[in-house]
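Morning, everyone. Please have the structure open while I talk. I'll go through it piece by piece.

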Protein chains: 2
Amino acid sequence: MMDNNLYLKQMSIDVEKARQSASFRIQDMNKLLLNNSYDANQKAKKIAESEPVFDKFPMHFKNRAEQLAHSLKMAKRLIELEEEHHLSQQEFSALVLYVDMLNPLSLHYSAFMSVIQAQGTPEQIKKWYDPAKRLAIIGCYAQTELSHGSNVAGLKTVALFDEKTDEFIIHTPDLTAAKWWIGGLGVVSTHAVVQAQLVIANKSYGPHLFIVPIRSPIDHKPLPGITVGDIGPKAYGGFATMDNGFAIFDHVRIPRDNMLMKFAQVTREGKYVAPVHDKLSYGGMVKLRVDIFADAGLKLAKAATITTRYCTVRRQFGPNLETPVIEYSSVQHRLMPLISIAYGIYITSKDLYGQFEALTKQLEIGEAQSLPEVHATSCALKSWGTRRSTDGIEECRKAMGGHGYSIFSGVADMFATFVPSNTYEGDNYVLSQQVARFLLKQLASQKQVYSTAAYVKEDVKLLPIKSHEQLLDPNVQLALFKARSARLVRQLAQQLQAGLSWSEASVECWDINFAHAEYLVVHSMIQKAQQAKSTPLGDVLKRLTDLFCLHYLATSATFLATSTVSPLELVTIKQAYHQAVLSIAKDAIPLTDAFGFSDRQLNSALGRYDGRAYEALWEAVQKNPINHDEAQRAQLTKLVFDILHRRDNLNYIQAAKL
Amino acid sequence: MMDNNLYLKQMSIDVEKARQSASFRIQDMNKLLLNNSYDANQKAKKIAESEPVFDKFPMHFKNRAEQLAHSLKMAKRLIELEEEHHLSQQEFSALVLYVDMLNPLSLHYSAFMSVIQAQGTPEQIKKWYDPAKRLAIIGCYAQTELSHGSNVAGLKTVALFDEKTDEFIIHTPDLTAAKWWIGGLGVVSTHAVVQAQLVIANKSYGPHLFIVPIRSPIDHKPLPGITVGDIGPKAYGGFATMDNGFAIFDHVRIPRDNMLMKFAQVTREGKYVAPVHDKLSYGGMVKLRVDIFADAGLKLAKAATITTRYCTVRRQFGPNLETPVIEYSSVQHRLMPLISIAYGIYITSKDLYGQFEALTKQLEIGEAQSLPEVHATSCALKSWGTRRSTDGIEECRKAMGGHGYSIFSGVADMFATFVPSNTYEGDNYVLSQQVARFLLKQLASQKQVYSTAAYVKEDVKLLPIKSHEQLLDPNVQLALFKARSARLVRQLAQQLQAGLSWSEASVECWDINFAHAEYLVVHSMIQKAQQAKSTPLGDVLKRLTDLFCLHYLATSATFLATSTVSPLELVTIKQAYHQAVLSIAKDAIPLTDAFGFSDRQLNSALGRYDGRAYEALWEAVQKNPINHDEAQRAQLTKLVFDILHRRDNLNYIQAAKL
Ligand SMILES: Cc1cc2nc3c(=O)[nH]c(=O)nc-3n(C[C@H](O)[C@H](O)[C@H](O)COP(=O)(O)OP(=O)(O)OC[C@H]3O[C@@H](n4cnc5c(N)ncnc54)[C@H](O)[C@@H]3O)c2cc1C
Ligand SMILES: Cc1cc2nc3c(=O)[nH]c(=O)nc-3n(C[C@H](O)[C@H](O)[C@H](O)COP(=O)(O)OP(=O)(O)OC[C@H]3O[C@@H](n4cnc5c(N)ncnc54)[C@H](O)[C@@H]3O)c2cc1C
């Protein structure tokens, strides 16, 4: 029964065949995608593949507390490996990316430590950053409250300066001001950077940052005046390995010195010293959004890899062995654009990191001229990328039919844990307003504008689209994406002039955000394809770019609505789109192989490298405790008997010989 | 601290105010929506509200086995209540809908029993239906296999007739033929209706249905030759209360009489008697899809109710108490159309039930002329409705910002468990091809065509849209929705004539399915609004219909792509759309109240009737076991110490007084 029959063998043959017919070298593409982190990635992978605690499969059967426990073990092993292998920061990051699972220490690194580094004085860095680095304290970033998230200015926690004792009194005035959602706070953190309204002598100076001890690092008990706990399970079982928490402060006293004072200061006498360049502290927020955008590419790439492999081996309908479902046009039109989007995000995020590094250098010398542009770009790409990625992951799951709904598909977990990226680090709808505002400002500006937004003032020439070839011309592609976005921005400017209020304009901002982000991605992809033109990867990068462009040209209503494209042109566009889909479909397996994920990283029965999805599903199911655990079985069987043997049913069953 | 402060009180004031300003009577609308099931609903609600086991809140903290156990208790209580209160079938259905939670017996009723009733001979019904009704046996419907779902003809389980013993031998030839996904099979069922290839004397007659005993109803042990178990957790923690299972048959013998023989028969001598009207057995499948469509409305209505209430009390940004987020234009444009869609589904599903009942009467007298139409309508509405509903539920969740991602929002569970409705009872993409085929057939037909599809041949007159008023004319609305769908169908017909293969047409089928379904809903909504014209509900029903129409006219690319609407007309449409959104926003609270869900049914901290979301979140979090369970805490704290007190950290902490 369980022997490797014809059908099972065929599955390996199917993926191998698709691999063999690649139009490019998979490893070359992997190097291009990983860029300068290729070596770090290889090293991290080698270390991680043999670590038992990084195997995510057992997580499927764990309850919340067990999942948290497992992730703490992962966190510890990460720290040990960093030491054992003397990992550089890049290698450690690569290792964390390999594991790709949140743990209660994730924000200790990405938020707590980096905020101290960015906003602490040298003495404060020494005092807090060093112990944080050796994990003698574990911290979190406590901004959001029960009733305030997006509107940071509205936070209600207060930090009242007490000149007598040279202390701040951190206090939660009412339930709605309870800190909420804080990652790492629920169970683990010993310290928090708390965002609170600074009050000196009855005068409020707005939100500032304070280091507040939460639990004793010695016995881990909550400190006096602090009520703290975990806010409970999250949607879709996501974020289960993170202990998002709440905290209420009842007149908690901290030394004055615990306010992060690199920019603003409070003196011993209670004098408030305003920051010189308050925008200089924004760099950290930009970095988080850049990371999220890159992560959107990683997650979508994983989902696309799994789905491409499964749809290659899944056969349904048709003659003989039946047709692999990846050959159906609707499956291709759902899946191939997602592969091009994942590539687009990888490529664009490299550019964005570059811009961020340039900005960091500026900020270091006290300048900030490119901050508005990098801020707008990171907002636009974060909101566009997280939405496209999470929609795309769920579309991948659906594209796998019934088995896509099994936890063993490996795709649902990614959606579950990544979908809140639409909300945190700036709700996407709120961010889109900042993007639109930036573009409107460029449009209105008399001076030279930022290069990424120059197109809003450009007089873009559009020739009628008559041929397929025209649509593959990078200049035509760029012009179309520029024109659409520019027209949307100008339309909104007109509407505002005609009296539309800003709060009524938020739907328009959303469209503008997407149009601008897609222009940015097209721009990066075209550049990358042109750089690689004479290399063996040039051709396929060009085809990916074409598909990305044609997908949006053919499906996005805003091209038609702005008359950037006419219904007649759409006929040509759709034909070209269809060709582009087919052209990528031929390379779908190699293109997803090129992301370079191991089976262990994917943790998917359906997305196995060798294509043997059915055997993997079977093996996974055998480990299901419901099928084995005697106590669970006994309890369930008893409940079944409560129904089956109700009243005189047992007699009835025996008499009727059922 | 925890006292009812100003901000908390304001939340109740906010929802109450919105309720007071309703433009219609909420209870009247509830009666209209529930139609002839209103009384049954009231009775069910009264019974259910005080049943402790129907409280879903504790489910949030249970593991898989505990969730299954709880749902078995619910199932038992449902049976008891049916007896105790002598519930009619309609009342029992209303009770099941009130509980709105799957249990391992759900398919016993909806699939196992109904298939026996529909396809069994009178003797078979007596033999199997009667014990099933008293729960002396519990059954499931086993069609799908590891490698076959959509393509039923390709199933590989065989039922080999053994003339010697007058038995069938049920056999799984290889792993890929294992039954898979079967709801109720994993842990609970004693019997299954198994779909298997009938083979007599080496000749195959295609899939037929067989009743196969799986576990002894006496000791609940699997019967000889049967390997059976639960297929494991599902995506997003959905379907956790259902024991979807697998089964492998090793030459399992059943009497010949266990084949359901109302239509096809196998005689004692092994002669196959083909069914006279094989289509007569399709009625059951139609019913399941009709139910799913109605359920899509129910689920979306719940999500919209929760989100409307929370967004009314959630304030963020703006002066004084800050602005309720429901007043932001993007929130309104995301939420109000979903309310109109939920109404659209409620109204249309009533019509669909009517068509189904008429069909049932036809089938009873051996006729089937309206089957193709009801089949196409149910396919179109099922795929459109499940997709719009599940996309809408997740949009509701996102619209609630951070707290939407808490499990206590109550919205995520609905998405998690309802999203596979896109896949089961016919994968939506596969169904859309049947819809398109039906419409193409009508287009090509020389005879009179079905009334729901008559428009494909109609010469629809479209006048240029110049004014807002025009867009509110039901005739104009209908014409636009007819024209778009007809044009898509005709385009596809042309492409097929020009050589496009059917498998390449599946993207077009998807668009056609959506256009046709939206036409059907517009048609039903317009009719309903006109019927109610002179009643107090007429006005708001008209406004809901307008919003439904304008939402798709303004946002769906296919109106522009087919030139049904021009970019210039779009400007007018968008203005009218904006007005329609505002007009429904004013009634959003009463419109969602009118769905009539109790707090217990919604099981949501954010969607409480009294608006007190923050207090409810706080109470929910206090019940989180991670905050209390001593054993869990101790284990987690130990793991924290493994990190915090690594090496000489404890000394360091003490020395540094951290
Ligand atoms: C998984 C997760 C982890 C988190 N981790 C942390 C953490 O570690 N530390 C921390 O401090 N916080 C954390 N947060 C909180 C997070 O930063 C906020 O939830 C997020 O910023 C969104 O804010 P909000 O919840 O106030 O949404 P709201 O602003 O209340 O959004 C509600 C709705 O209103 C809309 N809206 C709001 N304002 C406007 C406007 N002006 N115009 C139009 N529409 C508007 C939104 O689009 C949304 O639809 C976390 C949240 C989540 C979900
Ligand atoms: C929660 C759940 C409960 C279930 N309960 C039961 C049950 O109780 N009993 C039972 O028998 N079954 C059950 N099923 C199985 C279910 O009926 C099937 O999964 C469903 O019919 C989809 O079929 P599939 O899995 O073969 O998908 P596939 O057909 O393999 O779909 C895979 C992909 O191929 C695409 N595709 C397939 N064919 C075509 C085509 N011709 N053209 C274009 N695209 C195509 C699909 O759109 C999809 O993207 C259940 C499934 C789920 C998820």
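Helices here are DSSP runs of H or I with at least four residues, numbered from the N terminus. By that count, A:Lys482 sits in helix 14 of chain A, residues 474-497. Before I go further: this is a predicted model.

So, A:Lys482. Buried or exposed? Buried means under 20% relative accessible area. A:Lys482 has 15%, so the residue counts as buried. What does A:Lys482 touch, beyond its neighbours within four places in sequence? The contacts are A:Tyr455, A:Glu458, A:Val460 and A:Tyr519.

Now the layout of chain A. Domain 1 covers 6-109, and domain 2 covers 138-274. Domain 3 runs over 283-595, and domain 4 over 627-656. Take domains 3 and 4 of chain A: their C-alpha centres are 55 Å apart.

Next, helix 3 of chain A, residues 38-48. Which of its residues are buried? They are A:Tyr38, A:Ala40, A:Ala44, A:Ile47 and A:Ala48. An α-helix has 3.6 residues a turn, so residues three or four places apart point the same way. Keep that in mind when you look at the buried set. In chain A, these buried residues pack against helix 2 (26-34), helix 4 (64-84), helix 5 (89-99) and helix 20 (599-602).

On to helix 7 of chain A, residues 122-133. Its buried residues are A:Gln124, A:Trp128, A:Tyr129, A:Pro131 and A:Ala132. What do they pack against? From chain A, helix 6 (106-119), strand 5 (191-200) and strand 6 (203-213). From chain B, helix 23 (649-656). Just past helix 7 of chain A comes A:Leu135, with a positive phi of about 65 degrees.

A:Met259 is in the loop between strand 9 (252-255) and strand 10 (265-266) of chain A. Its relative accessibility is 0%, so A:Met259 counts as buried. One more pair: A:Met259 and A:Ile211 are 48 residues apart in sequence, yet 6.3 Å apart from C-alpha to C-alpha.

Now the ligands. Where does ligand 1 lie? Between chains A and B. Around ligand 1 there are 32 residues. The closest are A:Thr144, A:Ser150, A:Asp427, B:Arg314 and B:Ala399. Look at the oxygen atoms of ligand 1. One is 2.5 Å from a side-chain N or O atom of A:Ser150. A backbone N or O atom of B:Ala399 is 2.8 Å from an oxygen atom of the ligand. For B:Gly402, a polar backbone atom is 2.9 Å from a ligand oxygen. Alone, ligand 1 exposes 970 Å², and the protein buries 93% of that.

What makes up the shell of ligand 1? There are 16 nonpolar residues, twelve polar and four charged.

A backbone N or O atom of A:Ala399 is 2.8 Å from an oxygen atom of ligand 2. One is 2.8 Å from a side-chain N or O atom of B:Gln433. One is 3.1 Å from a backbone N or O atom of B:Trp181. On its own, ligand 2 has 980 Å² of accessible area, and the protein covers 93% of it.

Last topic: phi angles. Most residues other than glycine have a negative phi. B:Trp181, in strand 4 of chain B, has a positive phi of about 75 degrees. At 15% relative accessibility, B:Trp181 counts as buried. A:Phe317 has a positive phi too, about 70 degrees. A:Phe317 lies in the loop between helix 8 (283-313) and helix 9 of chain A. With a relative accessible area of 30%, A:Phe317 is partly exposed.

Definitions and conventions. Residues are numbered from 1 along each chain as its sequence is written. Chains are lettered from A and ligands numbered from 1 in the order in which they are written. This is a predicted model: local features need pLDDT of at least 70, side-chain atom pairs count only at pLDDT 80 or more; totals for chains, interfaces and linings use all residues. Side-chain values use heavy atoms; hydrogens and water are left out. A residue is near a molecule or strand if one of its heavy atoms lies within 4 Å of it. A polar contact is a pair of N or O atoms within 3.5 Å; within protein, one must be able to donate a hydrogen and the other to accept it, and residues adjacent in sequence count only if both atoms are side-chain atoms. Accessible areas come from the Shrake-Rupley method with a 1.4 Å probe; for residues, only the protein chains shown count as cover. Ala, Val, Leu, Ile, Met, Phe, Trp, Tyr, Cys and Pro count as nonpolar, Asp, Glu, Lys and Arg as charged, and the others, Gly among them, as polar. Buried means under 20% relative accessible area, exposed over 50%, partly exposed in between (1.4 Å probe, protein chains only). Helices (H or I, at least four residues) and strands (E, at least two) are DSSP runs, numbered from the N terminus. Contact means heavy atoms within 4.5 Å. Domain bounds come from an automatic or database domain assignment.
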